[in-house]
Amino acid sequence: MIELEGVPELVDPVMVAAFEGWNDAGDAASTAVEHLDKEWKGQVFAALDAEDYYDFQVNRPTVFVDNGVRKITWPTTRLSVIRIGGDKPRDLVLVRGIEPSMRWRSFCNELLGFAHELGVELVVVLGALLGDTPHTRPVPVSGVTSDADLAARMNLEETKYEGPTGIVGILQEACTHAGVPAVSLWAAVPHYVSQPPNPKATLALLNRLEDLIDLRIPMGELAEDARAWQLGVDQLAAEDSEVAEYVQSLEEARDTAELPEASGEAIAREFERYLQRHDPGAGPGGHATDGGDGSSHLRDNPSGRTRPPKPPRPEGDDAEE
């Protein structure tokens with residue numbers, strides 16, 4: 001039985017979920033939920049029982065010392081709530097954890113139980129995949145759903161994917177069968193520089209989430225981090241002619257394929273975001289940033305970044321779209 005003592009009645013709540021592991025290239029999705037939790041100071045109200053869903057030989061517990069006392073942190077999935085006021089109040093329920101090792105159907109049913117009790121109106125699951133995309137271009141983010149009516153209403157793609165899936169795909173299907181509107185947002189991470197973190201992909205996911213749920217999200221230092229990340233990759237690519245040539249081929253393919261995307265609607269949407277980010281009198285989340293995804297004029301080189309491997313000629317994406 002799910003008990004939610006101490007959790008107030010929420011306003012138009014949206015559940016936003018992300019899971020570390022197979023669905024989280026560059027840690028972009030889990031970092032996005034972590035960012036929301038940090039910026040809005042989420043309050044944890046529930047954690048799933050780790051014994052039910054995790055193989056501790058795969059996801060091992062960690063030991064730490066707190067004021068001289070040794071403690072153990074178990075891998076699990078936690079739920080937190082964010083109360084957002086302002087002119088357009090809308091609360092968030094954040095789900096952040098590790099892709100479970102077993103009993104996926106029970107895992108999804110437990111999350112849906114919380115969604116039902118809290119009156120969640122929409123579930124958005126974030127994911128990131130490795131793709132043939134150049135790091136120098138805006139991060140592609142696709143929004144997909146299994147609900148044809150929702151796809152038409154929210155300008156999303158109706159998923160046609162067939163093949164291996166992760167907990168993101170399973171949770172979305174569970175929501176659909178339970179009658180809960182659900183959307184997955186997928187960011188494409190360059191496969192030749194896949195090591196985390198990838199703040200540019202995280203920023204792109206949050207920008208797309210912002211548009212989807214019509215809620216201003218404070219981006220903090222993410223835009224600056226994205227600039228620094230791209231500068232670091234630029235410098236590494238410049239040191240290797242093979243990598244530089246490969247990136248150029250990806251750029252040419254991307255620019256040719258996506259010329260139709262430079263539509264008046266897309267340009268207007270980006271310009272509106274730019275104005276909102278630079279409005280000093282903006283409401284919650286009105287931090288001044290460049291409003292983009294960190295695709296130009298990068299500032300400083302992130303420390304500790306390893307050299308990206310020389311990429312093989314790809315045969316296709318190795319993750320679900």
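Visitor: Which residue just after α5 takes a positive phi?
Guide: That is G179, with a phi of about 80 degrees. Keep in mind that this is a predicted model.

Visitor: Which residues of α5 are buried?
Guide: Helix α5 covers residues 167–177, and its buried residues are I167, V168, G169, L171, Q172, A174 and C175.

Visitor: And what covers them?
Guide: The cover includes strands β1, β7, β8 and β10, along with helix α3.

Visitor: Let's move to the strands. How many residues of β6 are buried?
Guide: Six of the seven, so strand β6 (residues 92–98) is largely enclosed by the rest of the structure.

Visitor: How do β1 and β5 run relative to β6, parallel or antiparallel?
Guide: Strand β1 (residues 14–20) runs parallel to β6 and is joined to it by seven bridges. Strand β5 (residues 78–82) runs antiparallel to β6, with five bridges between the two.

Visitor: Which residues in β6 stand opposite A18 and L79?
Guide: A18 stands opposite R96. The bridge partner of L79 is V95.

Visitor: What salt bridge does R96 make?
Guide: The R96 side chain meets that of E34, at 3.6 Å from N to O.

Visitor: Which residues are linked with R137 in a network?
Guide: E251 and D255; the three are linked by salt bridges.

Visitor: What about E224, which residue does it bridge to?
Guide: E224 forms a salt bridge with R227, and their closest N and O atoms are 2.4 Å apart. Both are in helix α7 (residues 222–238), and because they are three residues apart, about one helical turn separates them. R227 counts as buried at 11% relative accessibility, whereas E224 is partly exposed at 24%.

Visitor: Why does a spacing of three or four matter in a helix?
Guide: An α-helix has 3.6 residues a turn, so residues with that spacing point the same way.

Visitor: Switching to aromatics. How many pairs?
Guide: The count comes to five aromatic pairs. In one of these, the ring centres of F45 and F114 are 6.1 Å apart and the planes are at 70 degrees, so the pair is edge-to-face. F45 belongs to strand β2 (residues 43–47) and F114 to helix α3 (residues 104–118), so this pair links distant parts of the chain, 69 residues apart. F114 is buried, with 6% relative accessibility.

Visitor: How do the rings of Y53 and F107 sit?
Guide: They are edge-to-face, because their planes are at 85 degrees, and the centres are 5.3 Å apart. Y53 is in helix α2 (residues 50–53) and F107 in helix α3, so the pair ties together parts 54 residues apart in sequence. Both Y53 and F107 are buried.

Visitor: What does Q43 touch?
Guide: Leaving out residues up to four places away in sequence, Q43 touches L79, S80 and V81. The C-alpha atoms of Q43 and V7 are separated by 9.4 Å, and these two are 36 residues apart along the chain.

Visitor: Last one. Which residues form a nonpolar patch on the surface?
Guide: V63, I72 and W74, with about 290 Å² of accessible area together. V63 is found in strand β3 (residues 62–66).

Methods. Residues numbered from 1 in each chain as written. Heavy atoms only, no water. Patch = residues over 30% accessible without salt bridge, like charges linked within 9 Å, V, L, I, M, F, W, Y side chains within 5 Å. Areas by Shrake-Rupley, 256 points an atom, 1.4 Å probe, with all protein chains shown as cover. Salt bridge = Lys/Arg side-chain N within 4 Å of Asp/Glu carboxyl O. Helix = DSSP H or I, 4+ residues; strand = E, 2+ residues; numbered from the N terminus. Buried < 20%, exposed > 50% of the residue type's maximum accessible area, 1.4 Å probe, protein only. Pairing = 2+ DSSP bridges. Phe/Tyr/Trp six-rings, centres within 6.5 Å; stacked < 30°, edge-to-face > 60°. Contact = heavy atoms within 4.5 Å.
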